[in-house]
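This report covers selected helices, strands and single residues of one structure. The sequence and coordinates come first.

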Amino acid sequence: SSDLVAQFFQAGDRLYPNLAIDVFTSVLSKVVPPSVALTLFICTAVSVYIAAAVWCRQARGEGTDLPILLVILLAVYSEPLYWGLFNYILGLGVMFVALHRATEQHETPSDGFVVVQALILGAMCLISIFPVMLYVCFCCGMVTVAACDDWRARRFAESAKLLRSHWLSALTVGALLLVMEPGQSGPTEWHLITKVTGVFSVGKTTNLSLEYGLSALVLGALGWLVWRRGLNAGRHELAGLIAGGLLFIVMPKDLMSVGAADRRLVPAIVTLAVIYLRSPSPQPVGLDRAVSALLFAIVAVKAGLLVYLWSPLKQIDTTYEAIAKQIPANAIVLLVPQVEEVRPGAVERARRFASLVSAFQPVPATEAHVFVEHPHLLLRHLAGRNVLPTQVFLNFWAKRAPELQQLPDPATSQTLAEVVAELAWLPREVTVFVVSHIALDDALIPDLAMRKITEVGGVRLYSATRVGD
């Protein structure tokens, strides 16, 4: 590798979480373009999620009618998908199957369960660590109920049986955690506001305040279905669901710098509740049809939002394609989105959106970042090239050198001050290429040398080097 690559990455032979996307796309990229391989992985992850939820219901003897299917669809089409947590989504599909096997094993023991479950948990751990957390919490809920029953009966048969069926799984996950790279490290912070807003993250995929209302309607529809039909779940399964809810409450917002660690759990917990939802009665009442119509309308609104908000970004996508051709090989690429002096609040975002919709105007490309985040559009054009965007791993056999000072990542900045603060972290004597939606010609930082390379469609490409002592 080049000297520049060696500055920021070093070869390693240790495993790390989120391995699935790298293995899948690395293999598939040998026969198809990298962007196609990534698209196929995303489709695979979403399909596995939906198919696993439907299969678990069928294995429990429950049918899947339109309202249930729509809730599952909206659960997978939530913030984790919007944020690009494709490994997590695939891992949840595997987790649904693993949890079904665990509950079946408790009721009907199988001789081969211990080994097969350990293999499934090992694969899940390599795909994403958060589904493993949910699985462990669910099982802890089951063990708690079994232990309470054993305590009252003055014996420990039920809890011992659960522990015996999972000893190899626990050993496998523990061994993997010991040998794996942590992936990320950093501060851990807990915020109350994310617990309130995180509840309404099901079906939410943009920064629009309207999405919280749509999510509340989805949860209301699910609540009515639970009240109307009930849950086909015993005390152990209910304890597992409660344990998942408690995990959401205690999970910090930022877990070792992994953002939104708590919010990503809500769609998964909702899907688990849907798996245990009873089938509809043979004679559906009018409210059943009303719930189906409501959910279908939400899907239609979200499809309309998808077209309305992303259509203007076709211009940006074309611009990125032209900009990417000017970026040399082995470059470090940063993205600076369109920002403002003051971060727009929820009320201001809602007002902007309402004014655009009322005037039947498309969202201007320069303001698209207010409603959606689009760094992946640039990454798509960098795929397959030997560049180092700070937002992604290079490949599954390389990792960031641990002694390296953290590189800046202004892609999520929403104010000019945040951009300046991020660029201030740029190590000295290192040149990066900045794709910016704002003018950076004036020196924002005294010792930051900026050179404008080109400008296409209002997007500028700079080279930036921090010089001086």
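Two strands pair if DSSP finds at least two bridges between them. The model discussed here is predicted. In it, T454 has L461 of β6 as its bridge partner. Strand β6 (residues 459-466) and β5 run antiparallel and are joined by eight bridges.

Both strands belong to an open sheet of four strands, with the order β2-β4-β6-β5 and mixed pairing. The edges are taken by β2 (333-336) and β5 (448-456); each has a single partner strand, so one side of each is left without a neighbour in the sheet. On average, neighbouring strands of the sheet are turned by 25 degrees against each other, direction ignored.

Helix α7 (residues 113-127) contains 15 residues and reaches 21 Å from its first C-alpha to its last, close to the 21 Å expected at 1.5 Å a residue. Its buried residues include F113, V114, I120, L121, M124 and I127. The buried residues of α7 pack against α2 (20-28), α6 (86-107), α8 and α9.

R154 lies in the loop between α8 (129-153) and α9 (157-179). Most residues other than glycine have a negative phi. R154 has a positive phi, near 55 degrees.

| Residue | Relative accessibility | Class |
|---|---|---|
| C43 | 44% | partly exposed |
| C148 | 38% | partly exposed |
| R154 | 65% | exposed |

How many disulfides does a search of the whole structure find? The search finds zero. C125, a residue of α7, is buried.

Note on methods: Residues numbered from 1 in each chain as written. Predicted model: local features only at pLDDT ≥ 70, side-chain atom pairs only at ≥ 80, totals over all residues. Heavy atoms only, no water. Disulfide = S-S within 2.5 Å. Buried < 20%, exposed > 50% of the residue type's maximum accessible area, 1.4 Å probe, protein only. Helix = DSSP H or I, 4+ residues; strand = E, 2+ residues; numbered from the N terminus. Expected span 1.5 Å × (residues − 1). Contact = heavy atoms within 4.5 Å. Axes fitted to C-alpha atoms, helices over the stretch in contact; angles between N-to-C directions.
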